[in-house]
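Trainee: I have not looked at this structure before. Can we go through it step by step?

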Amino acid sequence: MFNIFGQGKDKSEKEFNKSRAKIFPVVKVETSGGSGKTIEFTAENQPVFKKIAGDLLCFYGIEKADNFVLLTKSQIPSTISMDDLDSIAKENLLTEVQKNLKIHKTDFGGIGFTCGGNHEAALILIPEIWGVLIEKLGENIVFGVPAKDMSIFVNSDQIDSVSKLQEMINDIHKDGSRLLSKKMFKYKDGQIEVK
């Protein structure tokens with residue numbers, strides 16, 4: 001059986017450990033409709049993912065230059081649980097983004113982050129990021145993840161800021177690239193939900 005490590009399943013733990021430091025969460029959007037063509041996966045070749053909220057999904061991938069090769073069930077050793085994989089990916093992400101994470105303010109009272117272009121959307125999965133956001137925006141936060149290299153956060157009590165955030169998301173989806181969700185989400189008490 002082919003896998004990205006070029007080894008059989010019996011060597012998956014060794015190969016997984018070799019790539020462990022390059023495993024990151026990869027945020028994607030669930031789609032429906034389209035061309036009518038669907039990709040069918042066997043159980044073992046199904047990419048590993050979990051639902052975040054709404055149409056946002058978290059996959060797990062090995063970083064290769066400017067893209068990610070998504071991990072499939074067959075590439076995850078039986079000794080690694082989904083919670084283990086999630087923890088590994090989030091720890092790697094936190095380590096990676098600390099090198100060049102920058103906070104930016106919008107002209108409508110929001111906050112965004114930059115960290116190199118490949119991990120901005122996945123920042124929503126890191127508890128430490130939410131600590132920073134709560135400190136700056138308060139407990140009730142609304143946010144958008146309109147593209148892979150963008151996540152914007154506002155205080156949900158600021159009605160004008162929320163409205164401007166929705167306008168920004170709509171504008172990005174008119175002619176942007178690397179698009180994700182058109183939805184807005186809320187964060188409260190450690191949970192992400194659709195607004």
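Mentor: Start with a term: two strands pair if DSSP finds at least two bridges between them. Keep in mind that this is a predicted model.

Trainee: How many bridges join strand β9 to β10?

Mentor: Strand β9 covers residues 184-188, and it runs antiparallel to β10. Within this pair, K188 stands opposite Q191 in β10. The number of bridges joining β9 to β10 is four.

Trainee: Which strands stand at the edges of the open sheet?

Mentor: Six strands form the open sheet, with antiparallel pairing, in the order β5-β6-β8-β7-β9-β10. An edge strand has a single partner strand, so one side of it is left without a neighbour in the sheet. The strands at the edges are β5 (102-105) and β10 (191-194).

Trainee: At about what angle to β7 does helix α4 run?

Mentor: Helix α4 spans residues 159-175 and lies across β7, β8 and β9. Its angle to β7 is about 10°.

Trainee: Which exposed residues does the face of α1 turned away from its buried side carry?

Mentor: The buried residues of helix α1 (residues 12-19) are S12, E15, F16 and S19. They cover an arc of only 105° around the axis, which puts them on the same side of α1. The face turned away from that buried side carries K14 and K18.

Trainee: What is the average pLDDT of the protein chain?

Mentor: Of the residues, 89% score at least 70. Over residues 1-9, however, the pLDDT is below 50. Where pLDDT is low, the predicted coordinates should not be read in detail. The chain average is 89.

Key. Residues are numbered from 1 along each chain as its sequence is written. This is a predicted model: local features need pLDDT of at least 70, side-chain atom pairs count only at pLDDT 80 or more; totals for chains, interfaces and linings use all residues. Side-chain values use heavy atoms; hydrogens and water are left out. Buried means under 20% relative accessible area, exposed over 50%, partly exposed in between (1.4 Å probe, protein chains only). Helices (H or I, at least four residues) and strands (E, at least two) are DSSP runs, numbered from the N terminus. The arc is that of the directions from the helix axis to the C-beta atoms. pLDDT is the predictor's confidence in each residue, from 0 to 100. Contact means heavy atoms within 4.5 Å. Axes are lines fitted to C-alpha atoms, for helices over the stretch in contact, and angles run from 0 to 180 degrees between N-to-C directions.
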